[in-house]
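This report goes through one model, from a single residue to the whole chain. Please keep the sequence and the coordinates at hand.

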Amino acid sequence: RFLIEGGFMRYFDLHCDTAYECCFKNKEFSKNDLAVSADKGAVFGKWSQVFAVWIRDDAKSPYELYRTVLDGFKKKLDGTAPNLTPYFAVEGGAVIGHNSDLLYNLKEDGVKYLTLTWNGENRIAGGSKTEKGLTRFGREVIKKLNSLKICCDLSHLNDKSFFAAIEQAEYPIASHSNCRAVCDVKRNLTDEQLKLIAQRNGIIGLCFYTKFLGGDTVERLYENICHMAELGLEDNIAVGSDFDGAETEAPVRSLDGVPALYKALNEKGIGKAMLDKIFYLNAQNYFDKTASV
């Protein structure tokens, strides 16, 4: 049986871009044609979702953009999904510009993690499409993230920035990244990187984006899970779908396909105890521990 609540599966997703899409496509959260909505999430007995506010590295007035998206989306969320526990994050450290004190505002807003960069570079560090490393300001930012107990999201960083950031991050996370050993793209993580996150009791959210999987969704997610398990990371694997931020394929074109994915992975031989960790328990335990520090 699934890990269930009221007869339905429990699900925790570390990353989706639905807040941004609802804002700029003028969609309601209760029901829409996006990948994530309240009605699609009704397939779960208990559903925890991190809604990331996407901030491009070159965004104009980035903090104002963040305020517009987050404040508007919170209003759209209100009362729409009784089974949902919403969490919030920011995808793109450009949100704070050169003012690290804005991190206090993010903390007050309930932001759980900050993704240091998007694909390019900002004042903090360099993303996967650049060669820039972690800056002096970036070190200041990570120190402040640690003090505020906001998780430092290492997804999107290039290798140079990653290794510098992981040395300092007390609450590391890779919210939506897969294994480079399975699909050799720069946005995925090497075995060394995966193990460094695990050594610091962090968590890695497997992403459903077709270009980061490099093949059939079920088969490649199965390979990612098996590879990470072989590295001893059973307690560090979670889901970071990237719904509404990336193209996904069957069976997870949208949120309501997740139970079918769970079933397909189980039929390929991954035990339910392991799947329950990946689809819910590991992420919930991680956030519970972070909150209690």
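In which helix is the place of Lys272? Lys272 belongs to helix H10 (residues 272–292); helices are DSSP runs of H or I with at least four residues, strands are runs of E with at least two, and both are numbered from the N terminus.

## Basis

This is a predicted model, in which local features need pLDDT of at least 70 and side-chain atom pairs count only at pLDDT 80 or more, while totals for chains, interfaces and linings use all residues. Residues are numbered from 1 along each chain as its sequence is written, and side-chain values use heavy atoms, with hydrogens and water left out.

## Lys272

Lys272 has a relative accessible area of 30% and is therefore partly exposed (buried is under 20%, exposed over 50%, partly exposed in between, with a 1.4 Å probe and protein chains only). Its side chain makes a polar contact with the side chain of Asn266 at 3.4 Å. Such a contact is a pair of N or O atoms within 3.5 Å; within protein, one must be able to donate a hydrogen and the other to accept it, and residues adjacent in sequence count only if both atoms are side-chain atoms. The C-alpha atoms of Lys272 and Tyr262 are 8.7 Å apart, with the two residues ten apart along the chain.

## Helix H5

Helix H5 covers residues 159–168, and its buried residues are Ser161, Phe162, Ala164, Ala165 and Ile166. They pack against helix H4 (136–148), strand S7 (172–174) and helix H6 (191–199), where contact means heavy atoms within 4.5 Å.

## Backbone exceptions

Most residues other than glycine have a negative phi, and most peptide bonds are trans. His156, in the loop between strand S6 (151–153) and H5, has a positive phi of about 85°. His156 counts as buried because its relative accessibility is 6%.

Ser61 also has a positive phi, near 45°, and sits in the loop between strand S3 (44–54) and helix H2 (62–77). The peptide bond from Ala250 to Pro251 is cis, with omega near 5°; Pro251 is in the loop between strand S9 (237–239) and helix H9 (258–267).

## Whole chain

The chain has ten helices and nine strands. Buried residues make up 60% of its 293 residues. Among contacts between residues at least 6 apart in sequence, 70% join residues at least 24 apart. The C-alpha atoms fill a box of roughly 50 × 40 × 35 Å along the principal axes.
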